[in-house]
Amino acid sequence: MHKLTQLIKDDMRPALGVTEPGAIAYAVSKAKSYVPGELEQVTLLLNSGMYKNAFTCGIPGTSEVGNYYAAALGADAADPKKGLECLEGIGKAEEEAAGEMIKAGMISVSMSSITSRIFIEATVTGETSEAVVT
C-alpha cells in the first residue's frame with residue numbers, strides 16, 4: 001500500500017454527525033473524566049476555524065446547534081471512550097440538562113486565536129480539582 005494511503009487510513013476515525021461538535025464534546029468529556037464529583041465550570045477555547053465551523057452545526061440526537069451545546073453535552077452525557085462518536089445515544093433528557101448548564105453559566109466558549117491550526121482546549125473545573133485537555 002502506498003505510504004500516503006496508509007497514513008490516511010491510520011488517521012481516519014468514525015464520527016457521529018459533523019466532526020467539529022463531536023470533537024468539542026469529546027474533548028470536554030475526556031477532561032471531565034479526570035474530574036471527580038460535581039462539575040462547576042467548563043471553559044472551552046477554540047481556534048477560529050473550529051469556532052466558526054461548529055457554531056451552527058446540528059448536534060446529533062438533539063434539536064440544538066453549536067459550540068455551547070456541544071460542550072455542555074460533552075460535560076453531561078458524552079462517553080469519552082467512544083471518541084468522535086461520544087454523543088451516540090443522547091436524547092431529549094440530555095439536551096434539556098445541557099440547556100440548563102448553559103443557562104446557569106457553567107459553559108464558557110471563546111475563540112483563542114485566528115489560525116488555521118486546529119485547536120481545542122477544554123478546561124473542566126469540579127469541586128476539588130481541575131483538568132485540561134488539548
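Colleague: How many of the 14 residues of α2 are buried?
Modeller: In α2, 10 of the 14 residues are buried, so the helix is mostly covered, where buried means under 20% relative accessible area, exposed means over 50% and partly exposed is in between (1.4 Å probe, protein chains only). Before we go on, this is a predicted model, in which local features need pLDDT of at least 70, side-chain atom pairs count only at pLDDT 80 or more, and totals for chains, interfaces and linings use all residues. Residues are numbered from 1 along each chain as its sequence is written, and side-chain values use heavy atoms, with hydrogens and water left out.

Colleague: Thanks. Which residues of α2 are buried?
Modeller: The buried ones in α2 are Glu20, Pro21, Gly22, Ala23, Ile24, Ala25, Ala27, Val28, Ser29 and Ala31. As for the labels, helices (H or I, at least four residues) and strands (E, at least two) are DSSP runs, numbered from the N terminus.

Colleague: And what do the buried residues of α2 pack against?
Modeller: They pack against β1, α3, α4, β3 and β4 (130-133), with contact meaning heavy atoms within 4.5 Å.

Colleague: What span does α2 reach from its first C-alpha to its last?
Modeller: α2 reaches 20 Å, close to the 20 Å expected at 1.5 Å a residue. The expected span is 1.5 Å times one less than the number of residues in the helix.

Colleague: At what angle do α2 and α4 pack?
Modeller: Helix α2 (residues 19-32) and α4 pack at about 35°, and their axes are 7 Å apart. Those axes are lines fitted to C-alpha atoms, for helices over the stretch in contact, and the angles run from 0 to 180 degrees between N-to-C directions.

Colleague: Left-handed or right-handed crossing, α2 past α4?
Modeller: Right-handed. A crossing gets that label if the near helix is turned clockwise from the far one by less than a right angle, and it is left-handed if anticlockwise.

Colleague: Which residues meet there, between α2 and α4?
Modeller: From α2 there are Pro21, Ile24, Ala25, Val28, Ser29 and Lys32, and they meet Asn67, Ala70, Ala71, Gly74 and Ala75 in α4.

Colleague: Let me pick Asn67. Is that one buried or exposed?
Modeller: Asn67 counts as buried because its relative accessibility is 3%. Asn67 touches Ile24, Leu44, Leu46, Met50, Tyr51, Ala54, Phe55 and Val109, leaving out residues up to four places away in sequence. The C-alpha atoms of Asn67 and Ile24 are separated by 7.4 Å, although the two are 43 residues apart along the chain.

Colleague: What about the loop between α3 and α4, where does Thr56 come in?
Modeller: Thr56 is placed in that loop. Thr56 is exposed, with 58% relative accessible area.

Colleague: Switching to α5. Which residues are buried in α5?
Modeller: Glu95, Ala98, Gly99 and Met101 are buried in α5. They sit on the same side of α5 because they cover an arc of only 160° around the axis, the arc being that of the directions from the helix axis to the C-beta atoms. What covers them includes β1 (39-47), α4 (66-76) and β2 (107-113).

Colleague: And which exposed residues are on the face of α5 turned away from its buried side?
Modeller: Lys92, Ala93 and Lys103. Ala93 has a relative accessible area of 54%, and Lys103 has 69%.

Colleague: How many salt bridges does the count come to?
Modeller: The count comes to 2 salt bridges, a salt bridge being a side-chain nitrogen of Lys or Arg within 4 Å of a carboxyl oxygen of Asp or Glu. One joins Lys103 to Glu100, with the closest N and O atoms 3.8 Å apart. Lys103 and Glu100 both lie in α5, 3 residues apart, about one turn of the helix. An α-helix has 3.6 residues a turn, so residues three or four places apart point the same way.

Colleague: Which residue forms a salt bridge with Lys82?
Modeller: Glu88 does, with the closest N and O atoms 3.3 Å apart. Lys82 is partly exposed at 33% relative accessibility, and Glu88 is partly exposed at 46%.
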